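Visitor: Could you walk me through a structure that is new to me? I would like to ask about its parts one at a time.

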Amino acid sequence: MSVLGPVIALVVLILVGTALNSNFLSAANITNVLARSAFIGIIAVGMTFVITAGGLDLSVGSMAAFIAGLMILVMNAALPVLGVGIPIILLGMVVALVAGIAAGLLNGFLITTLGIEAFIVTLGSMGIYRSLVTWLADGGTLSLDFGLRTFYRPVYFGGIFGVSWPIIVFALTVIVGEVLMSRARFGRHCAAIGSNENVAHYSNVNVNRTRLLTYAMLGMLVGVATIMYVPRLGSASASTGVLWELEAIAAVIIGGTILKGGFGRVWGTVIGVLILSMIDNILNLTDLVSPYLNGAIQGVIIILAVILQREAKAKG
Amino acid sequence: MSYMKTLMAGCTVLALGAGGALAQDGETKVIGVSIPAATHGWAGGMNFHAQQTVERLEEVYPGLDFVLATASDPGKQVNDIEDMVATRNIDALVVLPFESDPLTPPVQAVAESGAWVTVVDRGLSVEGIEDLYVAGDNPGFGRVSGEYMVSQMPEGGKIVVLRGIPTTIDNERVEGFQSAIEGSGIEIIDMEHGNWNRDDSFNVMQDFLSKHEQIDAVWASDDDMAVGVLAAIDAAGRDDVDFVLGGAGMKEMIQRVMDGDEMIPADVTYPPSMIATAIELTAVGLTSNAPVSGTFTIGSVLITAENAEQFYYPDSPF
């Protein structure tokens with residue numbers, strides 16, 4: 001029964017959206033909502049594993065901004081050598097993935113090997129990456145060379161069979177994540193560590209390595225999200241990715257993963273992400289509520305979704 | 001000086017003579033400059049101009065010393081100002097308050113200690129603290145934008161508006177805009193907050209495009225938001241939008257105005273270089289007998305293809 005809460009919330013939102021605006025279910029609007037959910041969604045899948053294993057990562061929003069800035073700088077610098085073409089895009093992608101994995105490993109190393117509280121480590125790295133991107137951009141905005149941007153643009157706006165790339169990548173991430181979480185040993189180890197670290201340790205689970213892997217995987221997924229993000233506007237600044245970490249964490253919790261660890265549900269996270277971006281979308285599509293209250297509506301729905309989940313659980 | 005070009009009329013400098021009195025003794029004077037950190041494009045430009053001005057003035061006036069501090073939140077700014085008074089014994093303070101209320105008491109304390117106080121852009125909550133107020137003109141920013149819309153759409157039309165972060169600044173701009181288009185036949189069919197942010201404005205504009213069949217023009221009210229708006233229009237492949245009007249004076253947008261881009265035919269200034277005006281005037285006040293106290297309002301100017309070149313600073317990050 002506990003699975004029903006977020007699903008009910010999502011269905012109600014879809015019904016409300018359809019009733020309020022006939023364009024809500026149009027292909028264009030659905031594509032917009034899914035594509036813009038992809039950044040937070042891809043990150044939130046990684047966050048599901050981190051939280052399931054009893055960890056937390058507050059740095060992902062700043063990390064995404066930093067990686068986006070780094071990617072743009074490297075691609076602009078390589079432009080005279082490589083020219084506009086596939087190789088330079090691949091270079092950018094490699095930079096994003098490597099930087100993401102490195103940043104994730106660094107967080108993970110400080111948390112596991114040095115044994116510092118995850119909240120503190122990632123609060124620290126959140127500030128570091130945010131400052132670094134501001135510094136790289138000299139306080140302004142880093143922009144991808146115009147010709148490159150035009151070439152790279154289809155990675156966000158293009159797709160196959162009318163499904164745009166961010167949606168495809170998001171879907172693939174979710175499928176792999178779901179299999180890892182519910183069918184693979186890695187997922188079971190994460191849950192075991194999250195519910196009781198000592199028991200997991202005595203049951204021959206390598207606690208530190210598994211935790212380190214969850215942070216590295218999250219870092220890599222931040223890299224993947226950035227690869228999708230950069231072609232959209234071709235720029236990064238200090239205001240990129242602000243509060244993404246909280247949206248990702250909220251999505252994970254709405255989806256039924258337990259904040260203190262021990263149980264995780266990847267597909268639930270997807271529902272959480274969709275609920276969050278659909279609220280924004282519906283508020284923009286209607287004039288019912290003063291825009292000053294958007295944040296309040298979001299807050300109420302987040303809390304309601306979690307209450308629904310608990311009620312259902314209590315009954316079930 | 002190039003920034004002088006961006007200063008319009010409305011300069012009401014009242015003679016109090018205090019500036020002259022301060023300039024009489026011969027020791028080195030210290031000017032403290034406290035500004036918000038470069039957390040978004042406009043603030044980045046402001047930081048750039050502050051640094052440039054400080055570097056330039058240190059050479060021009062050997063008798064002046066500058067302390068520049070950037071703060072990422074109001075609390076840090078209060079600390080910065082307290083430190084400047086305690087450790088550097090500043091003779092003058094140039095401050096762009098992060099927020100009016102929390103910064104009013106510490107700045108008041110600086111003024112009471114006898115130092116010269118110049119306030120920039122955002123006013124303090126209590127009147128009469130500062131010796132010089134260099135102000136941006138937010139209602140004027142909205143009015144100039146509205147008047148341009150009216151001139152471009154004599155037949156009227158349907159527009160959408162993207163607003164900034166909910167603040168007094170944003171309210172004053174939107175009110176100025178609304179009163180300028182009143183009775184012109186231009187109808188605002190939708191208004192949402194894009195928070196002066198590219199990503200937020202992209203999402204909002206995508207939703208506006210799904211919601212409305214026909215949008216004749218967009219008042220993005222900010223150049224960063226204009227970037228997001230343009231990307232959304234482009235992606236949707238819609239050709240009903242005739243043009244997008246941003247604001248502030250970001251160099252990329254000025255470039256497009258210069259190049260005669262049809263989607264960006266104009267821009268309205270809200271120059272981050274107003275911090276330079278404030279520092280220069282303060283330096284003049286400390287070193288000469290020229291009176292500089294009073295209020296200095298920097299008007300918002302319409303930039304079109306004809307005058308765009310004067311507003312283009314290729315070196316600035318903004």
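Visitor: Which elements of chain B do the buried residues of H9(B) pack against?

Guide: Welcome! This is a predicted model, where local features need pLDDT of at least 70, side-chain atom pairs count only at pLDDT 80 or more, and totals for chains, interfaces and linings use all residues. Residues are numbered from 1 along each chain as its sequence is written, while chains are lettered from A and ligands numbered from 1 in the order in which they are written. Helices (H or I, at least four residues) and strands (E, at least two) are DSSP runs, numbered from the N terminus. The partners of the buried residues of H9(B) are helix H8 (223–236), strand S11 (267–268) and strand S13 (302–303) of chain B.

Visitor: Which residues of H9(B) are buried, and what arc do they cover around the axis?

Guide: A residue is buried if 20 or more other C-beta atoms lie within 10 Å of its own, exposed if 12 or fewer, and partly exposed in between, with C-beta atoms placed from the backbone. In helix H9 (residues 251–258) of chain B, the buried ones are B:Met253, B:Ile254, B:Arg256 and B:Val257. They sit on the same side of H9(B) because their arc, taken from the directions from the helix axis to the C-beta atoms, is only 160 degrees.

Visitor: Is B:Asn195 buried or exposed?

Guide: B:Asn195 is found in the loop between strand S8 (186–193) and helix H7 (198–211) of chain B. Its phi is positive, about 55 degrees, although it is not a glycine. Because B:Asn195 has 22 C-beta neighbours inside 10 Å, it counts as buried.

Visitor: And A:Phe161, is that residue buried or exposed?

Guide: A:Phe161 belongs to the loop between strand S2 (159–160) and strand S3 (163–164) of chain A. A:Phe161 also has a positive phi, near 50 degrees, in a residue other than glycine. With 5 other C-beta atoms within 10 Å, A:Phe161 is exposed.

Visitor: At what angle do helix H3 and helix H4 of chain A pack?

Guide: Axes here are lines fitted to C-alpha atoms, for helices over the stretch in contact, and angles run from 0 to 180 degrees between N-to-C directions. Among the residues that meet are A:Met63 and A:Ile67 in H3(A), and A:Pro87 and A:Ile88 in H4(A). The contact divides into 16 nonpolar, two polar and no charged residues (Ala, Val, Leu, Ile, Met, Phe, Trp, Tyr, Cys and Pro count as nonpolar, Asp, Glu, Lys and Arg as charged, and the others, Gly among them, as polar). The axes of H3(A) and H4(A) are 9 Å apart, and the angle is about 145 degrees.

Visitor: How many residues of chain B are in contact with chain A?

Guide: Two residues are in contact if their C-beta atoms, placed from the backbone, lie within 7 Å. On one side are 26 residues of chain A, and on the other, in chain B, 27.

Visitor: Which strand of chain B has the highest mean pLDDT among its elements?

Guide: pLDDT is the predictor's confidence in each residue, from 0 to 100. For chain B the mean is 86, and 92% of its residues reach 70 or more. Among its elements, strand S1 (residues 11–13) has the lowest mean, 39, and the highest, 96, belongs to strand S9 (residues 217–219).
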